[in-house]
Amino acid sequence: MSDERPRILSGIQPTGVGSHLGNYLGAVKRWVSLQDGYDAFYFIPDLHAITVPHDPAALRRRTLEAVAELMAVGLDPKRATLFVQSHVPEHAQLGWVLGCITGFGEASRMTQFKDKAARDDLGTATVGLFSYPILQAADILLYGADEVPVGSDQSQHVELTRDLAQRFNSRFGPTFTVPKPTVMAETARIADLQDPAKKMSKSLPPAGTVLVMDAPATTRRKIMRAVTDTGSEVRAADDKPGVTNLLGILSALTATPVAALEEQFAGSGYGDFKRAVADAVAAELEPVQERYAALLADPAFLGDVLADGADRARSVARETLARAFDAVGFLPPAGAARW
Ligand code: TYM
């Protein structure tokens, strides 16, 4: 069955304790809105999740929870292909090949690696963490993705993917689609509530991070305690990173331009404004949490969804891997038409 729609692919890590408002607004909600106009492949990168120390039982649980969460937000596995990375061995296989055309210096320049490695110190960072962006390139290239909807923190990885695809194609012949860089501009970056200079992230203290699965009272408390800036004006500006961030969140949740919100809150203090943000977040997340609980109560159903997703993903990935293996000169296994 041929599908004329452009293909997109994106992934979200299963680690930590659930999605936060940053990847919810910056990614997951956007994924849902793209599932009809595009031939969409969405996956949980569990191979990537073990590049930092992890607990196996938690990873297993979190992977299933992440799938339930995506579906609770509105991702429909009948309309998009939803799968877990380790169910498709071609990711690791292509990752190896791409690693062999990536320069050591080129990989060393990846800022996400530098940040994470610096947080621990280089001595404890793994080779897996170092080669993480190369595996990400394999994720993207296996599916011939035309576009990769990600937040701005991932754009360097998409750039590397483009470089590797072009390099491979010119060295071994046309094999891969070179994806377009796609950064989702409006909510490209949601900042931490306590330290708006940093992007919201599961690896920062919980007070600055709103989790999709946080209890409503917790969410409200975190937003009411978000750092604001001097003055009392509700206005987006470089010297008002805290207020600007909250405006961005409210704008994304209510589909209202920031300028209109500034007008709406002209004259009201930070307190009223924060209450409005907290209300909007609660109204958004409550139904998601209800659907999530119902889905998680049926792990057999989630397992069936993933089995079907893996079949669909593999049928595409296998073709691309065979082309890449052939292009680099691997001998096809005897007795089989290809790998
Ligand atoms: P991850 O799991 O860190 O984030 C998933 C998506 O959420 C976006 N995001 C944010 N957007 C706005 N504000 C924030 N504070 C914020 N934090 C995260 C990310 O940009 C991302 O789009 N390496 C990837 C996972 C991955 C992947 C892939 C993505 C693996 N292979 C192939 C795309 C294609 C990651 O760690 O995302």
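In this predicted model, in which local features need pLDDT of at least 70, side-chain atom pairs count only at pLDDT 80 or more, and totals for chains, interfaces and linings use all residues, a salt bridge joins Glu-159 to Arg-162, with the closest N and O atoms 3.6 Å apart; a salt bridge is defined here as a side-chain nitrogen of Lys or Arg within 4 Å of a carboxyl oxygen of Asp or Glu. Residues are numbered from 1 along each chain as its sequence is written, and side-chain values use heavy atoms, with hydrogens and water left out. Glu-159 and Arg-162 are 3 residues apart in helix H8 (residues 155–172), a separation of about one helical turn, where helices (H or I, at least four residues) and strands (E, at least two) are DSSP runs numbered from the N terminus. Glu-159 is partly exposed, at 34% relative accessible area, in a scheme where buried means under 20%, exposed over 50% and partly exposed in between (1.4 Å probe, protein chains only).

Asp-272 likewise forms a salt bridge with Arg-275, the closest N and O atoms being 3.1 Å apart, and these two residues are 3 residues apart in helix H12 (residues 270–296), about one helical turn. Asp-272 is partly exposed at 43% relative accessibility, and Arg-275 is partly exposed at 41%. In helix H13 (residues 299–328), Asp-308 and Arg-312 lie 4 residues apart, about one turn of the helix, and their side chains meet in a salt bridge at 2.8 Å, N to O. Asp-36, Asp-76 and Arg-79 are linked in a network of salt bridges, and the count of salt bridges comes to 17.

The ligand is surrounded by 28 residues, of which the closest are Gln-13, Tyr-132, Asp-139, Gly-151 and Asp-153, a residue being near when one of its heavy atoms lies within 4 Å. Strand S1 (7–11), helix H1 (21–34), helix H7 (127–142) and strand S4 (147–150) each supply at least two residues of this shell. A backbone N or O atom of Gln-13 lies 2.8 Å from an oxygen atom of the ligand, whereas for Asp-139 an N or O atom in the side chain is 2.6 Å from a nitrogen atom of the ligand, and a polar side-chain atom of Asp-153 lies 2.4 Å from a ligand oxygen atom. The protein covers 96% of the 710 Å² of accessible area that the ligand has on its own, as given by the Shrake-Rupley method with a 1.4 Å probe.

How values were computed: A polar contact is a pair of N or O atoms within 3.5 Å; within protein, one must be able to donate a hydrogen and the other to accept it, and residues adjacent in sequence count only if both atoms are side-chain atoms.
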